[in-house]
Amino acid sequence: MDLSLTEAERDLVELCRDFAQKEIAPRAPLAWEEARCPTDLLREMGELGLLGMLIPEEWGGIGMTTVGFVAAMEQIGRADQSVAAAWQAHVTIGSLPLYLFGTDDQRERWLRPLAEGRALGAFGLTEPDAGSDARGIRTRAERTDGGWLINGRKTFISNAGTDMSFGVTLLARTGGDGDGGPPRYGSFVVEKGTPGFTMGPKMRGIGWRGLDTRELWFDDVWVPDDHLVGDPEMGLGQFLRTLEMGRISIAALSLSLTQAVLDLATAYAKDRVQFGQPISQFQAVQFKLADIATELEAARWLTYRAAWLRDTGQPFQKEAAMAKLKASRVAAWAASEAVQVHGGVGYMLDSPVARFYCDSKVLEIGEGTNEIQHLVIARALGC
Amino acid sequence: MNVVVCVKQIPDPADPGALDPTTKTLKRDGKLILDESDSYGVEMALQLVTAAGGGEVTLVSMAPNGEVSGLRTALAMGAAKAILVSDDALAGSDALGTAKVLAKAIERVEGADLILTATESSDGYTGTVPEQVAGLLDLPSVTFAKHIEVDGSTVKVQRQTEAGYDDVECPLPAVVSVTAGVVEPRYPSFKGIMAAKSKPVDTLTVADLGLDASQVGWAGAGQEIVSIEEAPAREAGEVIEDDGTAFEKIVAYLDNLKVL
């Protein structure tokens with residue numbers, strides 16, 4: 001198995017490193033501080049082609065491999081997790097359903113602007129009463145003359161409320177309530193400004209403060225037939241397929257956080273003098289750093305292997321769940337250890353390591369909680 | 001509107017450079033990158049071509065070992081093609097020797113309306129090549145441009161001065177040097193980087209340009225580097241312990257520097 005990067009992937013990594021260090025790293029912390037989504041940075045990433053990462057050139061993207069995307073994420077996420085989170089949500093769940101299941105007309109209308117970086121994509125699944133239990137969503141789409149009438153509520157939806165957002169693709173129940181059949185689901189595009197579509201204020205998280213996350217309400221929102229994406233009854237299965245890629249993406253985001261906190265803790269340990277010598281000379285600190293580096297490497301190769309499986313057309317559902325589980329655990333643990341190395345300085349929100357610490361917890365929750373990853377893996381074992 | 005930009009590929013300033021004690025010149029045997037001071041000229045040229053609604057940007061460069069890494073960066077930004085002069089005979093060229101080569105290379109670009117350069121390179125800093133190129137091509141020379149506008153066959157330049165800027169006009173074609181930092185060079189996009197790999201780079205020798213090897217390199221250099229020395233190490237600063245009167249000493253120090 002050869003996991004070395006191709007020339008195009010290396011070029012992409014270099015481009016992302018350069019942009020991340022020169023533009024994202026200096027500008028994103030202020031957005032985090034002000035709890036504002038830095039769409040200026042996302043627009044610039046769009047101009048570089050980064051918002052069309054996994055979409056073929058035919059539809060305005062750059063047709064990058066999954067491995068290349070993971071490697072690019074390692075650079076973007078080291079600079080800022082909120083920007084990286086918004087970016088990956090756009091690239092995976094925000095764009096892929098339209099590409100995988102949309103008609104050519106829908107791709108032209110909604111996917112191309114996303115891939116070319118002119119708009120930001122969002123997907124709405126989670127509801128106040130349905131998170132891990134995705135089948136339990138209550139938002140309904142009812143068939144009407146020439147269209148669908150949508151009613152319901154979504155929560156924790158990223159990227160739908162920025163000045164760059166086009167709207168949202170959402171999952172809604174299309175049948176199964178009292179009609180005797182099994183529950184059925186469809187995906188629908190609801191554009192910004194559609195009557196009845198409103199949203200709450202930007203929600204406040206422990207971390208990812210630069211990410212725009214909101215509650216969305218749909219009150220008698222009518223959309224025409226051509227807003228249905230894919231099959232009117234198989235929407236849940238469609239979305240779960242997209243989510244498999246999302247798991248690799250969150251694993252990659254976790255890797256980038258772990259690398260960032262390892263770099264910060266190592267640099268600080270070499271610089272901080274206590275008892276007459278840099279604290280990096282004490283084994284208590286050295287062993288923490290060595291442990292983080294080792295766990296990071298283990299998580300990294302799980303993630304790259306899942307990505308490689310996807311690129312080579314092999315099943316990758318179990319490996320993606322394992323990568324997400326392992327990498328996010330490592331990230332949350334490593335962030336805590338890195339703060340510990342920093343001591344009081346690391347506890348203060350002005351320190352970069354504190355920002356990464358705040359950003360780390362959600363990695364164990366988003367894109368399927370780690371408990372759900374366990375379920376996916378256990379099922380693959382035949383349980 | 002066709003613009004030629006003279007660009008230099010230099011050792012990465014992020015890696016400390018080294019001088020060759022024998023030749024007393026900068027070692028250039030590793031990978032070279034686009035001189036940042038040239039990226040402003042490239043950006044300016046791309047903007048001028050866009051504003052004119054047509055035309056293209058051609059790069060002209062001189063480098064050892066057929067090095068193209070820096071040129072590919074400028075091609076990825078949007079330049080259409082490049083001419084690279086690479087020849088063992090060029091080693092040791094002084095500013096005038098470089099200007100002779102660049103001038104000959106520029107003459108090969110058909111329909112060049114404007115030639116842009118940086119004001120000086122970030123490794124050699126002679127700051128004389130642009131004017132020498134203009135002299136050799138018998139073209140008007142405008143230096144330190146902070147803004148450039150083309151109006152028909154005239155170029156209007158805001159020429160930066162210590163006090164502000166002068167408005168200067170001259171007929172085209174002309175050689176204009178662009179001050180570093182006056183525009184924001186674009187990042188090459190991923191598609192730009194991919195496209196740059198197949199853009200034409202015409203690699204020429206001194207003989208291809210119709211120059212004699214005796215006019216360039218060590219043979220043609222009118223300058224000689226007599227000796228090189230280590231830069232003096234920075235001296236330690238003064239530490240003032242505050243005994244309640246530190247502010248007086250700081251005021252006196254600043255006063256002495258005449259910054260108050």
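This is a predicted model: local features need pLDDT of at least 70, side-chain atom pairs count only at pLDDT 80 or more; totals for chains, interfaces and linings use all residues.
**Ground rules**

I keep in mind that local features need pLDDT of at least 70 and side-chain atom pairs pLDDT 80 or more, while totals for chains, interfaces and linings use all residues. Residues are numbered from 1 along each chain as its sequence is written, chains are lettered from A in the order in which they are written, and side-chain values use heavy atoms, without hydrogens and water.

**Entry 1: chain B against chain A**

I looked up contacts (heavy atoms within 4.5 Å) and found 10 residues of chain B touching 17 residues of chain A. Next came buried area, the accessible area (1.4 Å probe) that two parts lose on being put together, summed over both. For these two chains it is about 1000 Å², with 63% on carbon and sulfur atoms.

Then I turned to charges. A salt bridge needs a side-chain nitrogen of Lys or Arg within 4 Å of a carboxyl oxygen of Asp or Glu, and this interface has 2. I noted the one joining Lys197(B) to Glu7(A), at 2.7 Å from N to O. On its side, chain B has 5 nonpolar, 1 polar and 4 charged residues (nonpolar: Ala, Val, Leu, Ile, Met, Phe, Trp, Tyr, Cys and Pro; charged: Asp, Glu, Lys and Arg; polar: the others, Gly among them).

**Entry 2: domains of chain A**

I read the bounds from an automatic or database domain assignment: domain 1 covers 7-115, domain 2 covers 123-235 and domain 3 covers 237-380. The centres of domains 2 and 3 of chain A, taken over C-alpha atoms, lie 31 Å apart. Here 13 residues of domain 2 meet 12 of domain 3. Together these domains bury about 1100 Å², 64% of it from carbon and sulfur atoms. I found 0 salt bridges between them. The side of domain 2 facing domain 3 has 6 nonpolar, 5 polar and 2 charged residues.

**Entry 3: cysteines**

How many disulfides (cysteine sulfur atoms within 2.5 Å) are there over all chains? The count is 0. I checked Cys37(A): its closest cysteine sulfur, in Cys16(A), is 17 Å away, so the two are too far apart for a bond. Cys37(A) is buried, at 13% relative accessibility, whereas Cys383(A) is exposed at 74%. The cut-offs I used are under 20% for buried and over 50% for exposed, with partly exposed in between (1.4 Å probe, protein chains only).

How values were computed:
A disulfide is a pair of cysteine sulfur atoms within 2.5 Å.
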